[in-house]
Amino acid sequence: EGLGVTFETCENGLQAVKMLTGEKAVACAVVLMDKEMPVMDGFAATRELKRLQFSGRIIGITGNALDDQVSQFLEAGVDEVVPKPVNQARVAAVLRQYGVLPSMPESNT
């Protein structure tokens, strides 16, 4: 909210895969993929999206940013891993990084 983009949410990883690749797929430039989800976790959902040739960026979100979890997310195919908590400023930075939001003008101070 307040960023000028539309966000879609899913209850679980399987629902996310279906929403992004199914018959009525939602166009999405960036996915914020939580590691901890019921039915299908973020690792499995990311692998399935990649297998189905999802072309958007996938950002892994985890509350446990240990090297092992970061490695597992990267191996699954995410573009980046962001530790929780994730606030609006961090989401905006990620969206700017991937061209969804315009870059902020540089300050001359």
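A residue counts as buried when its relative accessible area is under 20%, and as exposed when that area is over 50%. Keep these two words in mind. Remember too that this is a predicted model.

**Stop 1: helix H3**

Select residues 67-76, which form helix H3. Which residues of H3 are buried? They are Gln69, Phe73 and Ala76. Now look down the axis of H3. The buried residues fall within an arc of 60°, so they line one face of the helix. Turn to the other side of H3. There Asp67, Asp68 and Glu75 are exposed.

What do the buried residues of H3 pack against? Show strand E1 (30-34), helix H2, and strands E2 and E3: these are the partners. Then step just past the end of H3 to Gly77. Its phi is positive, about 120°.

**Stop 2: the strands on either side**

Select residues 57-62 for strand E2 and residues 80-83 for strand E3. The two strands pair in the parallel sense, over 4 bridges. Now trace the chain from E2 through H3 to E3. This β-α-β crossover is right-handed.

**Stop 3: two rings**

How many aromatic pairs does a search of the whole structure find? The search finds 1. Select Phe43 and Phe73 and show their rings. The ring centres are 4.9 Å apart and the planes are at 85°; planes over 60 degrees apart count as edge-to-face, so this pair is edge-to-face. The pair links distant parts of the chain. Phe43 belongs to helix H2 (residues 42-51), Phe73 to helix H3, and 30 residues separate them.

**Stop 4: Thr46**

Stay in helix H2 and select Thr46. Its relative accessibility is 0%, so Thr46 counts as buried. Follow its side chain: it reaches the backbone oxygen of Gly42 at 2.8 Å. Next, show what Thr46 touches, leaving aside its neighbours within four places in sequence. The contacts are Met33, Ile58, Phe73, Ala76, Gly77 and Val78. You have met some of these names already. Phe73 and Ala76 are among the buried residues of H3, and Gly77 comes just after that helix.

**Stop 5**

Most residues other than glycine have a negative phi, and most peptide bonds are trans.

- Select Val39, in the loop between E1 and H2. Its phi is positive, about 70°, although it is not a glycine. Val39 is exposed, with a relative accessible area of 68%.
- Select Gln53, in the loop between H2 and E2. Phi is near 65° here, again a positive value in a residue other than glycine. Gln53 is exposed, with a relative accessible area of 68%.
- Select Lys84 and Pro85. A cis peptide bond joins them, with omega at about 0°. Pro85 is found in the loop between E3 and helix H4 (88-97).

**Last look**

Notes:
Residues numbered from 1 in each chain as written. Predicted model: local features only at pLDDT ≥ 70, side-chain atom pairs only at ≥ 80, totals over all residues. Heavy atoms only, no water. Pairing = 2+ DSSP bridges. Right-handed = clockwise from strand over helix to strand, strands pointing away. Phe/Tyr/Trp six-rings, centres within 6.5 Å; stacked < 30°, edge-to-face > 60°. Buried < 20%, exposed > 50% of the residue type's maximum accessible area, 1.4 Å probe, protein only. Arc of directions from axis to C-beta. Contact = heavy atoms within 4.5 Å. Polar contact = N/O pair within 3.5 Å; in protein donor to acceptor, adjacent residues only side chain to side chain.
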